[in-house]
Amino acid sequence: MKFSREDAEFMSRALHLAERGLFTTDPNPRVGCVIVKDGQIVGEGWHRQAGGPHAEVEALRQSGARAQGATAYVSLEPCCHHGKTPPCTDALVAAGVSRVVAAMKDPNPRVSGEGLRILENAGVSVACGLLENAATTLNPGFCKRMTTGRPYIRSKLAMSLDGRTALPSGESKWITGEDARRDAHRLRARSSAILTGIGTVLQDDPELTARLPESAGEILQPVRVILDSRLRMPATRRLAQGRNRAVALTALSDKARSQALSDRFEIETLPAAPDGRLDLTAVADWLGHRQFNEVLVEAGPILNGALLRENLVDEWIIYAAPVVLGDRANGLFHLPDLTRMAERFELTISDVRQVGRDIKLTLHRK
């Protein structure tokens, strides 16, 4: 289907609006909508948070009677089912919109083309697929969870020029500069959850909260999830502080220990792998079941090595700093000794950019 230059401009605006919900819409997708009549924008809106009005409703409220005979550009197919809010298809039809252009179909099986079909049956002209790649990129976690049941998992690491993450003593603050650390906080803010291992908690005592300037707007803090197969979590760690509760995933069935920690942590028992550690596929399934869209891994070489081996990470973000730590320092991944080059793990670089003094690499598994 052919789209005009004007179509592309208005859809770009809808996608720009959708980005305003980058930190607040979980578990819903980020969606923007623009209502256009006679070549002029008469209404626009974006989805701000789950349970609140959808982007189409916000835009229709602004346009009022001017929506009659207008075109609605929306970054995701309008919903057609009753959830916490009524169907957007009903609102568009009632407003008299004559045309709807969607960037992509909704991957949610409850919609997945049905919203467009309902609009078409109501006499609304529909089109789909304009700037689809940009729309998909905006919601990688929602798209993956709706099609596979698992979240989009990205791991963030920081390394020296010689590929090291910490000194032999464990000291790692700070390898990267302030700009890279600020960029990493944006990764936290857009994530539904932050995943780490008990080793990182015991070594670094991290807080794992998203800290951005006030100008960044509202932030829905990610849930902190700790892999703690033997339930070694001390109740005194910083993860136990504050209003944002943390979840400890364990393979240990110890009611007394779980009860002792239950006032500070949510405890979940999951299956163990043969080595006694948590089964990481079960962890990925649990993360999807909890409706987490994007999960950020902030962990050490043991967990990152295991995730690499099991191919559970969708995206690797590596900040490389122009410093050298030496060959006795810790590496990025703990992996079994490889004896042949054919056994190596290959990644594809999808983006390289400079962030302050550091280089940010974005990679995916081949």
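How many of the nine residues of helix H6 are buried? This note comes back to that point after a word on the model.

1. The model is predicted, so local features rest on a pLDDT of at least 70 and side-chain atom pairs on a pLDDT of 80 or more, while totals for chains, interfaces and linings use all residues. Residues are numbered from 1 along each chain as its sequence is written, and side-chain values use heavy atoms, with hydrogens and water left out. The names of helices (H or I, at least four residues) and strands (E, at least two) stand for DSSP runs numbered from the N terminus.

2. Helix H6, which spans residues 140–148, is mostly covered, with seven of its nine residues buried; here buried means under 20% relative accessible area, exposed means over 50%, and partly exposed lies in between, with a 1.4 Å probe and protein chains only. The buried residues are Pro140, Gly141, Phe142, Cys143, Lys144, Arg145 and Met146. They pack against helix H5 (132–138), strand E6 (152–159), helix H7 (178–190), helix H10 (280–289) and strand E12 (294–297), where contact means heavy atoms within 4.5 Å. Just after H6, Gly149 takes a positive phi of about 85 degrees.

3. Two packed helices are described by the angle between their axes and the distance between the axes. Axes are lines fitted to C-alpha atoms, for helices over the stretch in contact, and angles run from 0 to 180 degrees between N-to-C directions. For helix H2 (residues 55–63) and helix H3 (residues 88–95), the angle is about 20 degrees and the axes are 9 Å apart. That makes H2 roughly parallel to H3, because angles under 35 degrees count as roughly parallel, over 145 as roughly antiparallel, 65 to 115 as roughly perpendicular and the rest as oblique. The crossing of H2 past H3 is left-handed, a word used if the near helix is turned anticlockwise from the far one by less than a right angle, with right-handed used if clockwise. Glu56, Val57 and Leu60 of H2 make the contact with Cys88, Ala91, Leu92 and Ala95 of H3, and by class this contact has six nonpolar, no polar and one charged residues. In these classes Ala, Val, Leu, Ile, Met, Phe, Trp, Tyr, Cys and Pro count as nonpolar, Asp, Glu, Lys and Arg as charged, and the others, Gly among them, as polar.

4. Helix H3 also packs with H4, and their axes come within 10 Å and cross at roughly 25 degrees. That makes H3 roughly parallel to H4, and H3 passes H4 in a right-handed crossing. Thr89, Leu92 and Val93 in H3 meet Gly115, Ile118 and Leu119 in H4, a contact with four nonpolar, two polar and no charged residues.

5. Ser75 sits in the loop between strand E3 (71–74) and H3, and it counts as buried because its relative accessibility is 3%. A polar atom of the Ser75 side chain lies 3.0 Å from the backbone nitrogen of Gly32. Not counting residues up to four places away in sequence, Ser75 touches several residues, among them Met11, Arg30, Gly32 and Ala135.

6. Is Pro109 buried or exposed? Pro109, in the loop between strand E4 (99–102) and helix H4 (114–121), is exposed, with a relative accessible area of 60%. By contrast, Thr362 in strand E16 (residues 358–365) is buried at 9% relative accessibility.

Conventions
Polar contact = N/O pair within 3.5 Å; in protein donor to acceptor, adjacent residues only side chain to side chain.
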